[in-house]
Amino acid sequence: MTLDELQKLARAGDGKAEKELFQQLSVRFYIIARRYIWDIKEADEAVQDALAAVLDRHKSAHYTSGFSAWSYGVLKNIIFDHNAELKRQRERFVETDEKNRTGKGYEPDPLLESRLLKCFHKLNEKNNMYA
C-alpha cells in the first residue's frame with residue numbers, strides 16, 4: 001500500500017494502518033535526514049520531530065498534492081530549521097572564540113611564542129624560499 005492509501009485508512013480510524021504508516025515514514029524520513037544531517041543523533045532527533053509533527057496534524061491537515069508530498073515537506077522544513085540553528089550556534093561559537101582571543105585579559109603564552117619564533121628561524125636557515 002502507498003503512504004497516501006495508508007493515511008486515508010489511518011484518518012478513518014484504522015490503528016493498524018496508522019502504525020504501518022508511521023513505520024514506513026520513519027524509515028524513509030531517516031534515509032532522507034541522514035543525507036542532510038551527518039550526526040546520527042541529530043538526524044534521529046529531526047526524524048522524531050518530523051514524525052511528531054505529522055502525527056499531530058495528519059488527520060486534520062488538507063493536502064493539495066497528497067499526503068506523501070506534505071509529510072516530506074514537513075521533514076524538509078524541520079531539517080532546514082535544524083541546519084539553520086546549527087549554523088547560528090557555530091557563528092556564536094566563533095564570535096565568542098574571537099572575543100576571547102582579542103578581548104581584555106588575553107595574554108599569549110610567551111613560551112609558546114618563543115618556541116614558534118625559534119622554529120621559524122630554523123626554517124629560514126634551512127630554506128630561505130619558504131620562510
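**View 1. K59 and E18 pair up in a salt bridge, their closest N and O atoms being 3.8 Å apart**. A salt bridge here is a side-chain nitrogen of Lys or Arg within 4 Å of a carboxyl oxygen of Asp or Glu. K59 sits in the loop between α3 and α4 (67-102), while E18 belongs to helix α2 (residues 15-36), so the contact ties together parts that are 41 residues apart in sequence. K59 is partly exposed, with a relative accessible area of 42%. For these labels, buried means under 20% relative accessible area, exposed over 50%, and partly exposed in between (1.4 Å probe, protein chains only). By the salt-bridge rule the count comes to 2.

A quick note on what you're looking at: this is a predicted model, where local features need pLDDT of at least 70, side-chain atom pairs count only at pLDDT 80 or more, and totals for chains, interfaces and linings use all residues. Residues are numbered from 1 along each chain as its sequence is written, and side-chain values use heavy atoms, with hydrogens and water left out.

**View 2. E85 and R88 meet in a salt bridge, N to O at 2.8 Å**. Both residues lie in helix α4, 3 residues apart, about one turn of the helix. E85 is partly exposed at 29% relative accessibility, and R88 is partly exposed too, at 41%. As a reminder, side chains of opposite charge can pair when their charged atoms come close.

**View 3. The whole chain reads α-α-α-α-α**. Of the 131 residues in the protein chain, buried ones make up 26%.

**View 4. Helix α1 (residues 3-11) has L3, L6, Q7 and A10 as its buried residues**. Seen down the axis of α1, they fall within an arc of 100°, so they line one face of the helix. The arc is that of the directions from the helix axis to the C-beta atoms. L6 is buried, with a relative accessible area of 4%. L6 and K19 are 13 residues apart in sequence, and their C-alpha atoms are 9.3 Å apart in space. After α1 comes G13, whose phi is positive, near 110°.

**View 5. At the start of α2, a side-chain oxygen of D14 reaches to within 3.1 Å of the backbone nitrogen of K16**. Further along, α2 has A17, E18, L21, F22, Q24, L25, F29 and A33 buried. How far apart are the end C-alpha atoms of α2? They are 31 Å apart, which agrees with the 32 Å that its 22 residues should span at 1.5 Å a residue. The expected span is 1.5 Å times one less than the number of residues in the helix.

**View 6. D39 caps the N-terminal end of α3, with a side-chain oxygen 3.1 Å from the backbone nitrogen of K41**. The 18 residues of helix α3 (residues 40-57) should span 26 Å, and its end C-alpha atoms are 26 Å apart, which agrees. Buried in α3 are A43, A46, V47, A50, L51, A53 and V54.

**View 7. L112, L116, L117, F120 and L123 make a nonpolar surface patch of about 470 Å²**. Patches are made of residues with over 30% relative accessible area and no salt bridge, joining like charges within 9 Å and nonpolar side chains (Val, Leu, Ile, Met, Phe, Trp, Tyr) within 5 Å. The areas come from the Shrake-Rupley method with a 1.4 Å probe, and for residues only the protein chains shown count as cover. L112 is found in helix α5 (residues 110-126). L112 counts as partly exposed, at 47% relative accessibility.

Key
Helices (H or I, at least four residues) and strands (E, at least two) are DSSP runs, numbered from the N terminus. A polar contact is a pair of N or O atoms within 3.5 Å; within protein, one must be able to donate a hydrogen and the other to accept it, and residues adjacent in sequence count only if both atoms are side-chain atoms.
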